Amino acid sequence: MPLYYKINTYGCQMNVHESEKLAGLLEGMGYICCPEGEHADVIVFNTCCIRDTAERRALGNIGVTKAEKKRDPNVIIAVVGCMPQQDGVSQAIREKYPYVDIVLGTRNISSLPEEIGKVLASREAKRKKSDKRYRGADTRLPENYLEIDEATPTLRTSFPNAWVNIIYGCNNFCSYCIVPYVRGRELSRSMDKVLDEVKRCVDDGYKEITLLGQNVNSYGNDLSDGTNFAKLLHEIDKIEGKFRVRFMTSHPKDLTEAVMDEMAASDKICSNLHLPIQSGSDKVLRDMNRRYDRARYLSLIEGLRCRMPDIGITTDIMVGFPTETEEDFLDTMDIVERVRFSNAFTFIYSPRKGTPAAKMEQIPYAVKQERIGRLIKAQNRITKELSDAYTGGVYEVLAEDVAPKYEGMICGRTESGRLVTFGGDPSDIGKFFDVRITASRSASLFGNKEEK
Ligand code: 5AD
Ligand code: SF4
């Protein structure tokens with residue numbers, strides 16, 4: 001009988017990639033990815049806690065596994081990632097969900113096999129009536145954690161895209177954000193390790209590499225060998241082969257002219273940037289501890305667009321930060337009209353325990369909801385207008401997947417990051433095509449392959 005594992009992933013790309021590492025570890029132990037309709041022997045929840053909604057979704061699903069454990073007491077349940085890393089939360093999970101066997105933080109996921117081994121050994125001991133019940137791990141990120149685990153295998157699941165971590169953690173402490181508390185201080189991987197991994201991915205046929213970090217622009221700050229993000233991009237660009245490079249996330253305070261120059265000069269690094277603005281109000285940006293203002297943000301946009309006129313710029317915007325007045329919100333609306341982002345991820349501010357903003361007086365939820373409604377409406381109009389401008393043109397698209405809703409169609413993205421659905425079959429995945437855009441619908445484009 002094969003032993004199956006199932007990983008439930010919540011949150012950002014960093015978590016998606018960490019789940020690929022969890023899968024690599026589990027497969028290394030002999031577990032197999034659980035087919036649809038089968039029961040898993042190991043269930044892992046790779047959690048997120050950036051907003052209340054993410055946390056509640058994970059907790060709801062962890063609660064459901066109680067029935068699974070009743071059906072099969074041998075199942076092993078592990079809760080890992082950001083959520084247990086918060087103060088008091090791993091203890092709370094243990095108390096509220098006593099059937100959870102393993103709780104691990106963000107930087108010790110590689111100990112999952114060892115922890116599974118201990119759970120199994122303790123069950124065996126219990127069966128033999130000895131008194132060695134293992135209560136499971138409770139290993140949160142140590143304060144002074146200084147090492148990067150380079151040994152964990154990765155089971156990549158998103159061909160032709162490959163995620164590559166370049167920096168872990170965050171030093172910024174934006175006043176609303178829990179990430180620096182749960183992911184610790186910045187730790188850059190060595191340039192050699194990153195270049196090796198990118199080369200390996202390219203050799204293995206991956207066509208798009210996405211460099212990951214909470215703040216990729218801080219890459220190298222902690223290495224004290226003169227390495228920085230611009231230099232890393234320069235070296236990656238020299239790797240031979242036809243492939244694309246994207247990266248996320250960039251912090252506007254750290255985006256340098258040198259990085260913009262590398263992007264513009266390279267034909268591998270896509271003209272595409274995710275640059276979270278959060279708010280268009282100088283006062284709110286100050287209260288958020290973002291350390292840039294509107295003027296700086298707008299000058300970055302200008303710097304990017306004069307180097308790369310076709311660049312696709314996306315952003316994150318938060319409404320309802322405690323000190324945001326209607327006037328501040330209108331500043332956000334104003335900057336959205338000025339910048340004209342190709343797309344924006346919009347969020348309602350959600351207080352996170354232990355962060356400075358959670359201690360401030362909060363805005364009523366109804367006000368936040370009304371504001372996000374106005375924001376989404378404006379951004380949808382802009383997204384649609386920018387999509388319409390693609391029609392009639394021919395763009396290079398990397399075929400990335402079968403189109404979820406359209407039979408006989410595949411989808412991929414332009415260099416600028418627009419999603420395009422076009423006629424093709426699964427054997428096209430991983431190939432580049434010139435696609436003529438014939439129609440647009442909000443953020444998506446539709447088209448046909450051009451005959452070569
Ligand atoms: N509430 C709502 N959104 C948040 N984000 C980060 N922290 C919070 C919070 N407490 C958003 C930011 C960030 C994105 C990943 O999540 O916009 O850029
Ligand atoms: Fe959070 Fe700010 Fe760090 Fe991004 S830069 S992870 S928003 S603290």
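Where is the place of T249? T249 sits in the loop between strand 11 (244-248) and helix 8 (257-265). Helices (H or I, at least four residues) and strands (E, at least two) are DSSP runs, numbered from the N terminus.

This is a predicted model: local features need pLDDT of at least 70, side-chain atom pairs count only at pLDDT 80 or more, and totals for chains, interfaces and linings use all residues. Residues are numbered from 1 along each chain as its sequence is written, chains are lettered from A and ligands numbered from 1 in the order in which they are written, and side-chain values use heavy atoms, with hydrogens and water left out.

**Backbone features**

- Most residues other than glycine have a negative phi, and most peptide bonds are trans.
- M248 and T249 are joined by a cis peptide bond, with omega about 5°.
- F159 and P160 are also joined by a cis peptide bond, and omega is about 5°.
- P160 belongs to the loop between strand 6 (138-139) and strand 7 (161-165).
- S224 is not a glycine, yet its phi is positive, about 45°.
- S224 is found in the loop between strand 10 (208-212) and helix 7 (229-237).

**Ligand 1**

- The shell around ligand 1 consists of I50, R51, Y176, Q278, D316, M318, F347, I348, Y349, S350 and R352. A residue is near a molecule if one of its heavy atoms lies within 4 Å of it.
- By class, this shell has 6 nonpolar, 2 polar and 3 charged residues. Ala, Val, Leu, Ile, Met, Phe, Trp, Tyr, Cys and Pro count as nonpolar, Asp, Glu, Lys and Arg as charged, and the others, Gly among them, as polar.
- A side-chain N or O atom of R51 is 2.9 Å from an oxygen atom of ligand 1. A polar contact is a pair of N or O atoms within 3.5 Å.
- Q278 places a polar side-chain atom 2.6 Å from an oxygen atom of ligand 1.
- S350 uses its backbone: a polar atom there is 2.8 Å from a nitrogen atom of ligand 1.
- Strand 13 (312-319) and strand 14 (343-348) are the elements that give two or more residues to the shell around ligand 1.

**Ligand 2**

- Ligand 2 is surrounded by C170, N172, F173, C174, Y176, C177, V179, P180, Q214, H251 and R290.
- The shell around ligand 2 divides into 7 nonpolar, 3 polar and 1 charged residues.

**Domains**

- The chain splits into domain 1 (4-127), domain 2 (158-270), domain 3 (273-281 + 304-389) and domain 4 (394-449). These bounds come from an automatic or database domain assignment.
- The centres of domain 1 and domain 3, taken over C-alpha atoms, are 34 Å apart.
- Between them, 6 residues of domain 1 are in contact (heavy atoms within 4.5 Å) with 4 residues of domain 3.

Definitions and conventions. Polar contact = N/O pair within 3.5 Å; in protein donor to acceptor, adjacent residues only side chain to side chain.
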